[in-house]
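This report goes through one protein chain, from its overall layout to single residues. The sequence and the structure come first.

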Amino acid sequence: MKTRLALPALVVLSLATAACAAGGSGSPNPTPGPTPTPITVDVTTPQEAAAVVIASDPLFEGAIELTPDIIGASKWWEAEAIDDGYRVTLVVGWGDCPAGCINKHTWVHDVSSDGQLTLVEESGDEIPPGGVPAGDI
């Protein structure tokens, strides 16, 4: 599954859609405006690659880089360089995370140097219906 993250383009598209819905002249054949050009993201660091992954899903919000001194984190990421970008592993844990998290779910994404996001693998405990309870992470 390939997904292109073009967050600024999504904002432009949302604004354009809202403008069209809000004020049309009522004519049956409105003149179309220019087509927005997709905006690519240059990814040159593991942190930028992780930012692309984190922006792809609200569940990932607040994920931090895993370092040896981190204890009790509930959302973390690690990245390694690959041929044309980075492989980012992101883990969301819940259930007593100060003790290491009883439950964990892992996503592995490849992020190319131009911001292409590809889900490589997903594994772990099933995410509870409605998402991870805020008090459990």
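Helices (H or I, at least four residues) and strands (E, at least two) are DSSP runs, numbered from the N terminus. In these terms, Cys101 lies in the loop between β4 and β5. The coordinates are those of a predicted model.

**Overall layout**

The chain contains two helices and six strands. Read from the N terminus, its elements follow the order β-α-α-β-β-β-β-β. The chain has 137 residues, of which 29% count as buried. Of the contacts between residues at least 6 apart in sequence, 47% join residues at least 24 apart.

**Strand pairing**

β4 and β5 run antiparallel and are joined by ten bridges. Within this pair, Val91 has Thr106 of β5 as its bridge partner. β5 also pairs with β6 in the antiparallel sense, over seven bridges. Here Val111 is the residue whose bridge partner in β6 is Leu117. The hairpin of β5 and β6 has three residues between the strands, and Gly115 in this hairpin takes a positive phi near 90°. Eight of the ten residues of β5 are buried, so this strand is largely enclosed by the rest of the structure.

**The largest nonpolar core**

Which residues touch the most other members of the largest nonpolar core? They are Val53, Phe60, Val88, Leu90, Val92 and Val111, out of 18 residues in this core. At least two residues of the core come from each of α2 (46–55), β4 (85–94) and β5 (103–112). β4 gives the most, with five residues.

A second, separate core has five residues, including Ala73, Val91, Cys97 and Cys101.

**The buried side of α2**

The buried residues in α2 are Ala49, Ala50, Val52 and Val53. They lie on the same side of α2, because they cover an arc of only 155° around the axis. The cover over the buried residues of α2 includes β3 (75–82), β4, β5 and β6 (116–124).

**Phe60**

Phe60 sits in the loop between α2 and β2 (64–65). Is Phe60 buried or exposed? With a relative accessible area of 2%, Phe60 is buried, since the cut-off for buried is under 20%. Apart from its neighbours within four places in sequence, Phe60 is in contact with Val53, Ile54, Lys75, Leu90, Val92, Trp107 and His109. Phe60 and Val91 are 31 residues apart along the chain, and their C-alpha atoms are separated by 8.5 Å.

The structure holds one disulfide. Cys97 and Cys101 form this link, with their sulfur atoms 2.1 Å apart. The link is right-handed, with 115° about the S-S bond. Both Cys97 and Cys101 are buried.

Asp96 is also placed in the loop between β4 and β5. Its phi is near 60°, which is a positive value in a residue other than glycine. Cys101, likewise a residue other than glycine, has a positive phi near 70°. How far is each of these residues covered? Asp96 has 46% relative accessibility and therefore counts as partly exposed. Cys101, by contrast, is buried, with a relative accessible area of 10%.

| Residue | Phi |
|---|---|
| Asp96 | near 60° |
| Cys101 | near 70° |
| Gly115 | near 90° |

Note on methods. Residues are numbered from 1 along each chain as its sequence is written. This is a predicted model: local features need pLDDT of at least 70, side-chain atom pairs count only at pLDDT 80 or more; totals for chains, interfaces and linings use all residues. Side-chain values use heavy atoms; hydrogens and water are left out. A disulfide is a pair of cysteine sulfur atoms within 2.5 Å. Buried means under 20% relative accessible area, exposed over 50%, partly exposed in between (1.4 Å probe, protein chains only). Contact means heavy atoms within 4.5 Å. A nonpolar core is a set of buried Ala, Val, Leu, Ile, Met, Phe, Trp, Tyr and Cys residues joined through side-chain atoms within 4.5 Å. The arc is that of the directions from the helix axis to the C-beta atoms. Two strands pair if DSSP finds at least two bridges between them.
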